[in-house]
Structure formats: C-alpha cells, structure tokens
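Subject: Structure handover

Hello,

Here is the structure for your files. My notes on it follow below.

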Amino acid sequence: MSVLLELAMFPTDQGESKSEYVAQVINLIKQSGYTYQLTSMGTIIETDKIGQALKLVEECYNILESNGCNRVYSTLTFDIRKGHNNRLKSKIESIEKHIGEVSK
C-alpha cells in the first residue's frame, strides 16, 4: 500500500514569519525516515500505512504545541492506493513520459 500525504501545518499565533516553526516540522519529517518532498506550499510524504501518516501528523502538531503554539492551522490531503509503492517518484515519472522533464 502507498499512502501519499500532502501536509501543510503552521502556527497562526506566532507572528508574520512562520519559517522557524515550519522548519521544526520539516526536520521531524526528515528524521522520520519516510520519503518526502518539500514544496513551497506544503510537504508530500509517502508511508506504507494510513496509521503511520496519521501518527506523523500528530507528532508534527506536538512539535508546534511544545514550542508554545496555541493555534495551529493544517491542511491534509491523502491519496491511498493498495498494491503500489514509491508513488512519490513514479507519479512524476508517469507525467514526464508524456511531456518530458518537469520542475521538481
């Protein structure tokens, strides 16, 4: 099974710039060992099971909470597909077969 999770999470009560807090979330994702891709608007993560993805979301929230964030905004989008893996890379390759290399 492949679970793709697109996650954006940041505090809304910590001033205009959020990078200090987002960096802590991204570092946790980086340390998780899951394949991920950082974009300017969110992070895409691939896990094997929905529970792993949900646990990671909770851990990301806990990082912000433990750093004094009292209000957190988050968006989550899932694409869950049985019988497949490595879709973070293969979905892009599938498009590139049709139009050539794309920006990553």
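Met41 is exposed, with a relative accessible area of 71%. The words used here for accessibility are buried for under 20% relative accessible area, exposed for over 50%, and partly exposed in between, with a 1.4 Å probe and protein chains only. Met41 sits in the loop between strand 2 and strand 3. From Met41 to Asn70 the C-alpha to C-alpha distance is 22 Å, and the two are 29 residues apart in sequence.

Some ground rules before the rest. This is a predicted model, in which local features need pLDDT of at least 70 and side-chain atom pairs count only at pLDDT 80 or more, while totals for chains, interfaces and linings use all residues. Residues are numbered from 1 along each chain as its sequence is written, and side-chain values use heavy atoms, with hydrogens and water left out.

Helices (H or I, at least four residues) and strands (E, at least two) are DSSP runs, numbered from the N terminus. Two strands are called paired if DSSP finds at least two bridges between them. Strands of a sheet pair through backbone hydrogen bonds, either parallel or antiparallel.

The model has an open sheet of 4 strands in the order 2-3-1-4, with antiparallel pairing. Its edge strands are strand 2 (35-38) and strand 4 (72-81), each of which pairs on one side only. From one strand to the next, the twist averages 20 degrees. Angles run from 0 to 180 degrees between N-to-C directions, and axes are lines fitted to C-alpha atoms, for helices over the stretch in contact.

Strand 1 (residues 2-11) and strand 4 run antiparallel and are joined by 10 bridges. Within strand 4, Val72 is the residue opposite Pro11. Helix 2 (residues 50-66) packs on the sheet and touches strand 1, strand 3 (43-47) and strand 4. The direction of helix 2 makes about 10 degrees with that of strand 1. Contact here means heavy atoms within 4.5 Å.

Nonpolar core

In soluble globular proteins, nonpolar side chains tend to be buried together. A nonpolar core, as used here, is a set of buried Ala, Val, Leu, Ile, Met, Phe, Trp, Tyr and Cys residues joined through side-chain atoms within 4.5 Å. The largest one has 15 residues, and those with the most contacts inside it are Leu5, Leu7, Met9, Ile29, Ile45, Cys60 and Leu64. Strand 1, helix 1 (19-32) and helix 2 are the elements that give two or more residues to this core. Helix 2 provides the largest share, 5 residues.

Apart from its neighbours within four places in sequence, Cys60 is in contact with Leu7, Met9, Val25, Leu28 and Ile29.

Cysteines

How many disulfides does the count come to? It comes to 0 disulfides, where a disulfide is a pair of cysteine sulfur atoms within 2.5 Å. Cys60 is in no disulfide, and the nearest cysteine sulfur, that of Cys69, is 12 Å away. Cys69 is likewise in no disulfide, its nearest cysteine sulfur being that of Cys60. Cys60 counts as buried because its relative accessibility is 0%. Cys69, at 2% relative accessibility, also counts as buried.

Salt bridges

A salt bridge is a side-chain nitrogen of Lys or Arg within 4 Å of a carboxyl oxygen of Asp or Glu. By this rule there are 4 salt bridges.

Lys55 and Glu59 are separated by about one helical turn because they are 4 residues apart in helix 2. Lys55 counts as exposed at 52% relative accessibility, whereas Glu59 counts as partly exposed at 29%.

Lys91 and Asp79 meet through their side chains in a salt bridge of 2.8 Å, N to O. Lys91 lies in helix 3 (residues 87-99) and Asp79 in strand 4, so the pair ties together parts that are 12 residues apart in sequence. Lys91 is partly exposed at 41%, and Asp79 is partly exposed at 29%.

The side chains of Lys89 and Glu93 form a salt bridge of 3.9 Å, N to O. Both residues belong to helix 3, where they are 4 residues apart and so separated by about one helical turn. Lys89 is partly exposed at 49%, as is Glu93 at 36%. Salt bridges that share partners also join Asp79, Arg87 and Lys91 into one network.

Regards
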